[in-house]
Amino acid sequence: MCIRIKKILSSKNLGWAGAVVGSLSSSLVWSQPAPALEEVLVTAQMREEQAQNTPLAIGIYNKAMLDQQGASSLTALETAIPSLNFGSGDRSSRGEITIRGVGDYARNIGTNARVAVYVDGVLVGRSRSFDQSLLDAVRVEVLRGPQGTLAGTNALAGSINIITQQPEETFKAGVNVNAGNFDFSSLTGSVNIPLTDNLFTSLLLGTTEQDGYIYNQTLDQYLQGVNRDTAKLKLRYLGVERLTLDVGFDYLKDDKDATNSEALGNGLFNGFTLSPEPHRVAHNVDEYERRELKGATINAVYETPDAFQWTSITGIRDNAFSELSEEDYSPLDVAISKMDEQNDQFSQEIRLASPKSESFDYVLGLYFLDQDISTNRQAITGAVFRPIPNTSTRTPATAGVESASLYAHGNYYFDSRWSLTAGARYVNETKDIDYSSIDTTGLSLNINHLRDQQTFNEWLPKIGLNFQYTPDVLFYSSIARGYKSGGWNADFLSTLENFQFAPEYAINYELGAKSAFFDQRLTLNVSAFVAKFDDYQVFQFVPTQSGAGTILSLTNAGQVTSQGVELDINAQLTRHLVLSLGTALTHAKFDEFKNGGGIGIDYDHNYLPYAPENNYFVALDYSRAVMKRAEFYAHLDYGYTDDYFSNPNNTEANAIPNRDIVNARLGLKLDTTWDISLWVKNLTDEVDLRQKSVSFLGVPRGVYTPPRTYGLEIRYAFN
């Protein structure tokens with residue numbers, strides 16, 4: 001059955017979508033009694049409203065969808081979001097996110113990512129902390145395209161909002177036990193306790209372990225496992241009339257043996273000859289990835305007697321990461337790298353939201369962010385390195401960011417059908433750096449405390465026109481400006497020629513429609529967009545001046561266009577069967593990238609990295625009562641990702657073939673107490689490449705998708 005589904009859905013054109021929907025709708029009687037789809041509320045415009053009435057392209061994933069996907073962290077949602085790519089996949093310490101073909105990650109402390117991730121309104125920090133726990137998430141909202149007006153700087157590709165469960169007024173408790181192959185085990189416990197009539201608390205503790213699936217034959221160990229601990233403590237106080245005060249503390253620790261890549265071909269040291277098979281390496285280094293994320297959030301909401309709402313969100317974050325990686329991908333003592341980063345930040349937001357009226361509504365806000373970032377990264381040569389063994393390059397550096405902004409956003413209703421959406425954000429941002437390079441290899445620079453500062457002042461406006469054709473059909477349009485600040489390529493450098501880079505700007509033009517049919521049993525949302533980027537910032541591997549290897553350069557490439565169409569369909573086909581379908585057709589290319597491969601070698605019209613042209617995802621959910629208090633359910637989903645490149649030069653060395661994946665779950669719910677399910681991820685056990693590159697020593701390397709995993713999950717809840 002799965003093979004047949006895979007063959008049907010693997011077409012690379014969009015004609016299949018209409019065929020599937022048409023075939024299903026023609027064979028089903030839409031007039032038969034069936035429940036409407038659940039209404040989904042979002043906070044994408046800083047107020048709670050129905051998703052179908054929000055003039056934005058949003059991917060929405062509620063608690064039920066997260067449970068069906070078995071998504072315990074953000075990266076597990078990738079296949080369910082067709083316009084999203086996580087780059088190197090299961091490397092939680094990297095946090096590489098691409099939306100609509102546009103994205104990257106903050107590889108060094110002098111730059112930022114193009115996607116902003118928020119948890120309960122607080123920016124989680126830098127890209128190393130993007131892969132957040134979803135154990136207590138009630139909803140994930142993926143906002144596509146520049147979101148500068150409401151999300152601020154560095155939301156050029158989009159933003160992701162994670163909304164978590166807050167303490168409630170009744171006692172609840174639950175336990176989740178999960179076990180599977182590769183010695184997978186997970187235990188999560190949660191409790192919600194009303195301490196008084198107006199003070200409630202909740203506590204969540206979770207731990208997950210899994211053996212790795214990549215075998216290192218040199219050290220006889222397995223890599224790419226999971227070792228994660230999560231803790232969340234929350235308080236809600238309702239003792240003051242019209243005031244809701246939420247205080248939360250969270251902690252996440254990842255500590256696992258993991259490699260950044262596998263050799264895909266022979267370099268100078270022939271590690272590939274010893275371990276050419278996927279999920280097998282021959283490394284002499286005891287590699288690891290570690291993260292420790294800590295934070296506190298204070299969220300106060302006061303509603304005035306005339307329904308105005310004041311909100312204050314205070315966030316304190318302390319995020320640390322480190323990793324040790326093989327760089328020669330062989331059993332020889334040639335070279336390793338040690339990456340690390342410490343990010344401490346404070347953020348404060350205050351906003352006023354007006355009540356909705358027949359004429360207008362608005363949100364006014366102030367935002368402040370203070371970040372301190374530090375690193376002491378190093379690359380170390382081993383005993384067999386030539387020409388200089390036992391040497392190193394270290395790049396100790398510190399950076400600071402102070403960003404303050406004022407924003408306004410609102411809707412004006414000309415009548416019951418036509419409305420205008422408009423907003424603007426003014427940003428003042430100051431960044432500074434203190435960078436050193438201490439080198440004994442002869443391959444990098446020697447610099448002691450290079451200090452620099454940059455200040456940016458930008459307007460980020462948005463305007464849109466909306467037409468409510470019927471109560472169930474909304475047409476919307478918008479023009480929005482996005483911005484990503486300039487900075488420094490604070491990496492391993494052989495020259496300062498491109499050390500400082502300029503800001504990046506985008507203008508996004510969008511048309512969309514949101515519609516519901518058959519008494520809310522079918523929703524069909526479509527969006528078309530064209531985004532124009534100037535001074536696009538791009539990472540790429542370039543040869544060192546000595547010719548002894550490559551370094552990762554960050555430059556302003558010139559101009560980029562990302563354009564495409566997205567389609568989201570949800571259908572309650574029968575009382576028991578629900579279809580979810582999403583697809584994204586994206587064309588993201590460099591319009592101009594002069595001298596991208598060196599003097600006279602242009603990358604004009606090349607594809608952007610991690611920008612597949614066609615992605616789609618389809619899921620079927622079936623549920624039926626089998627006894628008076630029992631319900632059987634089944635979930636099956638299929639995701640397809642088109643081929644793409646992982647480097648701007650678009651060579652065969654970094655061409656990623658298309659890939660697909662099938663996931664499934666079968667379960668039984670007993671009352672509201674027990675939920676027992678069998679699950680499988682990568683049902684057909686596909687072994688696909690998702691990332692390719694070349695190390696700084698010239699070794700072809702890559703990352704494969706994880707193999708098939710399966711297990712049994714038992715949930716028990718009581719009141």
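**Core, cavities and strands**

Valine 140 touches Gly59, Ile60, Tyr61, Leu66, Leu74, Leu77, Leu134, Ile160, Asn161 and Ile162, leaving aside residues up to four places away in sequence; contact means heavy atoms within 4.5 Å. The model is a predicted one, in which local features need pLDDT of at least 70 and side-chain atom pairs count only at pLDDT 80 or more, while totals for chains, interfaces and linings use all residues. Residues are numbered from 1 along each chain as its sequence is written, and side-chain values use heavy atoms, with hydrogens and water left out.

Val140 is also among the residues with the most contacts inside the largest nonpolar core, together with Ile97, Val117, Ile160 and Ile162; this core has 41 residues. Such a core is a set of buried Ala, Val, Leu, Ile, Met, Phe, Trp, Tyr and Cys residues joined through side-chain atoms within 4.5 Å, where buried means under 20% relative accessible area (1.4 Å probe, protein chains only). Two or more residues each come from strands E5 (97-99), E7 (115-119), E9 (137-144), E10 (158-164), E31 (522-534), E35 (577-592) and E36 (614-627); strands are DSSP runs of at least two residues, numbered from the N terminus. Another core, of 15 residues, lies apart from it and includes Leu579, Val618, Tyr638 and Ala664.

E9 and E10 are antiparallel over seven bridges, and alanine 137 stands opposite threonine 164 in E10.

The model has twelve cavities of 30 Å³ or more. A cavity is a set of points, on a 1 Å grid over the protein atoms alone, where a 1.4 Å probe fits but cannot get out; lining residues have an atom within 4 Å of a point. Of its 24 lining residues, Asn112, Leu123, Thr153, Asn154 and Leu369 are the closest to its centre. E7, E23 (360-381), E24 (392-413) and E25 (418-439) each give two or more residues to this lining.

Elsewhere, twelve bridges join E13 (residues 199-210) to E16 (residues 226-237) in the antiparallel sense, with glutamine 210 partnered by valine 226. E16 is likewise antiparallel to E17 (residues 243-256), through ten bridges. Five residues separate E16 and E17 in a hairpin, and arginine 242 in the turn has a positive phi of about 70°.

Note on methods
Buried means under 20% relative accessible area, exposed over 50%, partly exposed in between (1.4 Å probe, protein chains only). Helices (H or I, at least four residues) and strands (E, at least two) are DSSP runs, numbered from the N terminus. On a 1 Å grid over the protein atoms alone, a cavity is a set of points where a 1.4 Å probe fits but cannot get out, and a pocket is an open set with protein on both sides within 12 Å along at least five of seven lines; lining residues have an atom within 4 Å of a point. Grid points are joined across faces, edges and corners, and a volume is the space filled by probe spheres set on the points. Two strands pair if DSSP finds at least two bridges between them.
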